[in-house]
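Visitor: Please take one part of this model, the pairing of aromatic rings, and examine it closely.

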Amino acid sequence: HDFLKSFLAAKILKITFPELLYIDIIAGLSTVLGHIFPFYLKFNGGKGFASFIGLIFALDYKIGLITIIMILIGIIMFMYFNFSKFNKLYKEVDDYE
């Protein structure tokens with residue numbers, strides 16, 4: 001839902017107004033900011049991650065795919081290093097007993 005919100009806003013306005021150079025970026029960033037700071041929730045919204053990814057895909061799908069791959073690699077590495085830290089801590093506690 002959040003992904004499509006910024007993706008469609010950027011694509012539709014770029015198709016509707018092709019003569020305006022940065023209309024897709026302005027529309028996408030507006031949806032991201034609207035997601036993060038909605039006025040009807042007293043400016044307390046979400047993090048805007050999915051909306052931002054939608055904007056990146058709307059601008060260039062290749063960069064969007066690279067971004068998703070890099071995020072997944074970062075998550076996997078974080079999980080691996082985090083798990084190894086807990087594993088080391090477990091071994092230290094086990095050795096202590």
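**Aromatic ring pairs**

Guide: Both F39 and Y40 are exposed, a class that requires over 50% relative accessible area, with buried meaning under 20% and partly exposed lying in between (1.4 Å probe, protein chains only). The model is predicted, so local features need pLDDT of at least 70 and side-chain atom pairs count only at pLDDT 80 or more, while totals for chains, interfaces and linings use all residues. Residues are numbered from 1 along each chain as its sequence is written, and side-chain values use heavy atoms, with hydrogens and water left out.

Rings of Phe, Tyr and Trp (its six-membered ring) pair if their centres lie within 6.5 Å; planes under 30 degrees apart are stacked, over 60 edge-to-face, and the rest tilted. By this rule there are three aromatic pairs. One of them joins F3 and F7, which are stacked, at 5.8 Å centre to centre and with 10 degrees between the planes. F3 and F7 are about one helical turn apart, because four residues separate them in helix 1 (residues 2–16); a helix here is a DSSP run of H or I, at least four residues, numbered from the N terminus. F3 has a relative accessible area of 29% and is therefore partly exposed. F7, at 23% relative accessibility, is likewise partly exposed.

The rings of F39 and Y40 have centres 5.5 Å apart and planes at 85 degrees, so this pair is edge-to-face.

Terms used. Helix = DSSP H or I, 4+ residues; strand = E, 2+ residues; numbered from the N terminus.
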